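Please read it alongside the coordinates.

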Amino acid sequence: MAWRWAKVAAAATIMGTLWRYGALDLASISALWHSPGLGLTSAILLFAPLFLLSLRWQLLMRAQSFHLTYRSALRITAIGQFFNTFMPGGIGGDAMRFYYIFGRVTGRRTAALMSLIVDRLLGLGALLMLASAAILANRNLFQGSGALRSFAEIVIAATTIGILGGLVIVLLPDALLGNLKRPLKRLGRVGSTVVDCVDAVSVYRKQLPMLAVGLVVSLLIQIWSIAGCIAVAQMFDFFGLNWLEFSVAMLLAQFANQVPITPGGFGVGESAFYMIARLMTGVDAPYGTIFLTVRLLSMAGALYGAVVWIGFRPEVALDSMNSRIEPKGP
């Protein structure tokens, strides 16, 4: 419990430091009231990816032969988004999703857990791929700054490692996996759990078109989110980046936001966006305010999950989730 509140304290310290040194201008957030149409458009664009997130998870669950309806996936994902956003380092969105399905997948919990892991990996993979593509298409932005160049190299290296790791998993011969499972089964419960993980991964290895669809959905989620972020940026007078530069800066900041130093990356994303935008423009403006406004609008959208959570009855919504989807015959 102590480490959770330590993360909250870290977030408060980072945000206070950003405000103290002018990287945040809280008064500028009033731009939301001065541009209500643009603010509403931004909020809608930032909320809309929820529907694609739900679709991606439903596809991954169905690949494991769990009969999860889109409506149930949407409601559980919305609840997860709420907890992921508002809980101080305690119960994350993935933990809440697993909580709801845990009691309804008896004997196949590892497969259900694997759907959440792959779901998270697809999201992170899409973010890295877009960020790397943006970096390579705008290499001139990184010529004058060693710090920016180092950050870009880290992102490209992470993308390369991820792609190579994915190819290794996909191309591993089935016979090798079979030989690996035999000694693992002798290790008791731990070995059996690892074997279950291997079996769950094997299911996805045999459904590469579905994974490709999941990756495309993940890319659309990131693109849609960036569109929402660009709409937010238009409300601020100090915004000095064109949309390509802004997209690069926001993608890199979102990558930094994944570092688990604070709950939800609070303060980390703001710091990263401020530093990247400052290095790109050479102008010291409160750029962190843009990222914070994006975060606040996203938090407002996440409140929908609280509404769903209050009236959610999992025993009704998930009564048929453990039904197997029978494979089609020839």
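In this predicted model, helix α8 (residues 146-171) packs against helix α13 (residues 268-281) at an angle of about 125°, and their axes lie 10 Å apart.

**Helix α8 with helix α13**

- On the α8 side the contact is made by Ala147, Leu148 and Phe151, which meet Ile276, Leu279 and Met280 in α13.
- Sorted by class, the residues of this contact between α8 and α13 are 6 nonpolar, with no polar and no charged residues.

**Helix α7 with helix α11**

- Helix α7 (residues 109-137) and helix α11 (residues 208-233) pack with their axes 8 Å apart and at an angle of about 60°, which makes α7 oblique to α11.
- The crossing in which α7 passes α11 is right-handed.
- From α7, the residues Val118, Leu122, Gly123, Ala126, Leu127, Met129 and Leu130 take part, and they meet Leu211, Gly214, Leu215, Ser218, Leu219, Gln222 and Ile223 in α11.
- The contact of α7 with α11 divides into 10 nonpolar and 4 polar residues, with no charged ones.

**Helix α6 with helix α7**

- Helix α7 also packs with helix α6: the axes of α6 and α7 come within 10 Å and cross at roughly 155°, and that angle makes α6 roughly antiparallel to α7.
- The crossing of α6 past α7 is right-handed.
- Asp94, Arg97, Phe98, Ile101 and Phe102 in α6 meet Arg109, Ala112, Leu113, Leu116, Asp119 and Arg120 in α7.
- By class, this contact of α6 with α7 has 6 nonpolar residues and 5 charged residues, and no polar ones.

**Aromatic pairs and a cluster**

- Across the whole structure, a search finds 15 aromatic pairs. One of them joins Phe47 and Phe51, whose ring centres are 5.8 Å apart and whose planes stand at 85°, so this pair is edge-to-face.
- Both members of that pair have some accessible area: Phe47 counts as partly exposed at 24% relative accessibility, and Phe51 is likewise partly exposed, with a relative accessible area of 38%.
- The rings of Tyr100 and Phe312 also form a pair, with centres 5.0 Å apart and planes at 85°, so this pair too is edge-to-face.
- Four residues, namely Phe82, Phe83, Phe86 and Trp309, form one aromatic cluster.

Terms used: Residues numbered from 1 in each chain as written. Predicted model: local features only at pLDDT ≥ 70, side-chain atom pairs only at ≥ 80, totals over all residues. Heavy atoms only, no water. Axes fitted to C-alpha atoms, helices over the stretch in contact; angles between N-to-C directions. Helix = DSSP H or I, 4+ residues; strand = E, 2+ residues; numbered from the N terminus. Contact = heavy atoms within 4.5 Å. Nonpolar A, V, L, I, M, F, W, Y, C, P; charged D, E, K, R; others polar. Phe/Tyr/Trp six-rings, centres within 6.5 Å; stacked < 30°, edge-to-face > 60°. Buried < 20%, exposed > 50% of the residue type's maximum accessible area, 1.4 Å probe, protein only. Parallel < 35°, antiparallel > 145°, perpendicular 65-115°, else oblique. Left-handed = near helix turned anticlockwise from the far one by under 90°.
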